[in-house]
Amino acid sequence: MHGSTGAALADAVTALACRSAATPTMVLLAAFHALLHRYTGQRDVVVGMPVAARTPAEVSPLIGLFVNTVAVRAPVAPAAGFGALLAEVRTATTGALEHQDLPFDRVVAELPAEPGGAAPPVFGVLFDHTRFSGRTDTLGDVTLTYLDGAATGAAKFDLSLSVTDPGDTDAGTDGYGLELEYDADLWRPESAHRLLTHYTTLLAAATADPERALAALPLAAGRTRPGARLLGRRGTFDARPGRPGRPGVRRRLGRAGRGRVAGRRGDVDYADLCARAERLGAALRAAGAGPDRPVAVLLDRSPG
């Protein structure tokens, strides 16, 4: 899914970064953290970010792939302004970059295993700010041409947002280029497109008024109520905080949760809970519910 921002918004991102002793990457990443919070209600947001991992002097001139991945974890306070979140993301990003040479697979190996022996996921979403010097470059007598990676047909994460600097997209736009890769089991194309719209709207509002509370930042002009929590198609990120010392992670209902108890009463497992949610969703759609249409559900207390 592709999109772009206007030139004015790109300039606003740069201006806010300068005023906040931050980088444009940090501003763009903070907006992504804010959007994920608005979609999930989660206040402990973890986003993966690829890094060059070329800090050792002996590695810098070498040709080859040294990319590593770091986790940027930042607390989100809905009543605080975007500037406060940007400061948290700046601190978290700086700390993560200080350890960018530590291989990510070693980080995963040190985490306690989930029941059943599976390694726990550190994050389910990825953010990448790509800064090209152009579609072509030179290295001595060699001309380099940047090529888009071939599609694999499978998403590596629930969501992957890639932001390209102004002028570095094929369209040559003066704004940022946006590309969203998403898990088709969780998102419909129209939902993914709407997420990009929400991201640019929130980013524009945040850069225009960084002191405005995160919960009050609009997502879509005249349509989405500020402070609303938005969910994906068949699931979303786990809004509950993780265990001490660990980020919250979204558990996949159904496949991974079969046989695992979701409620103390009635021994409802996650697969059964997912099936009940699907049936409720189907009933709501049959009654006329749809995107951007408020729905009230009155149910008795029960495990599922």
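Mentor: Contact here means heavy atoms within 4.5 Å. The model under discussion is predicted.

Trainee: Which residues of helix 1 meet P24, V27 and L28 in helix 2?

Mentor: The contact joins helix 1 to helix 2, and by class it has 6 nonpolar, 1 polar and no charged residues. On the helix 2 side stand P24, V27 and L28, and the residues of helix 1 that meet them are V13, T14, L16 and A17.

Trainee: How are helix 1 and helix 2 oriented, parallel or perpendicular?

Mentor: Two packed helices are described by the angle between their axes and the distance between the axes. The axes of helix 1 and helix 2 come within 8 Å and cross at roughly 105 degrees. Angles of 65 to 115 degrees count as roughly perpendicular, so helix 1 is, relative to helix 2, roughly perpendicular.

Trainee: What distance separates the end C-alpha atoms of helix 3?

Mentor: Helix 3 covers residues 82–97, which is 16 residues. At 1.5 Å a residue, helix 3 should span 22 Å, and the distance between its end C-alpha atoms agrees: 22 Å.

Trainee: Where do the buried residues of helix 3 lie around its axis?

Mentor: The buried residues are F82, L85, L86, V89, A92, T93 and A96. Seen down the axis of helix 3, these fall within an arc of 130 degrees, so they line one face of the helix.

Trainee: Is G41 buried or exposed?

Mentor: G41 is found in the loop between helix 2 and strand 2. Its relative accessible area is 19%. The cut-off for a buried residue is under 20%, so G41 counts as buried.

Technical notes: Residues are numbered from 1 along each chain as its sequence is written. This is a predicted model: local features need pLDDT of at least 70, side-chain atom pairs count only at pLDDT 80 or more; totals for chains, interfaces and linings use all residues. Side-chain values use heavy atoms; hydrogens and water are left out. Helices (H or I, at least four residues) and strands (E, at least two) are DSSP runs, numbered from the N terminus. The expected span of a helix is 1.5 Å times one less than its number of residues. Buried means under 20% relative accessible area, exposed over 50%, partly exposed in between (1.4 Å probe, protein chains only). The arc is that of the directions from the helix axis to the C-beta atoms. Axes are lines fitted to C-alpha atoms, for helices over the stretch in contact, and angles run from 0 to 180 degrees between N-to-C directions. Angles under 35 degrees count as roughly parallel, over 145 as roughly antiparallel, 65 to 115 as roughly perpendicular and the rest as oblique. Ala, Val, Leu, Ile, Met, Phe, Trp, Tyr, Cys and Pro count as nonpolar, Asp, Glu, Lys and Arg as charged, and the others, Gly among them, as polar.
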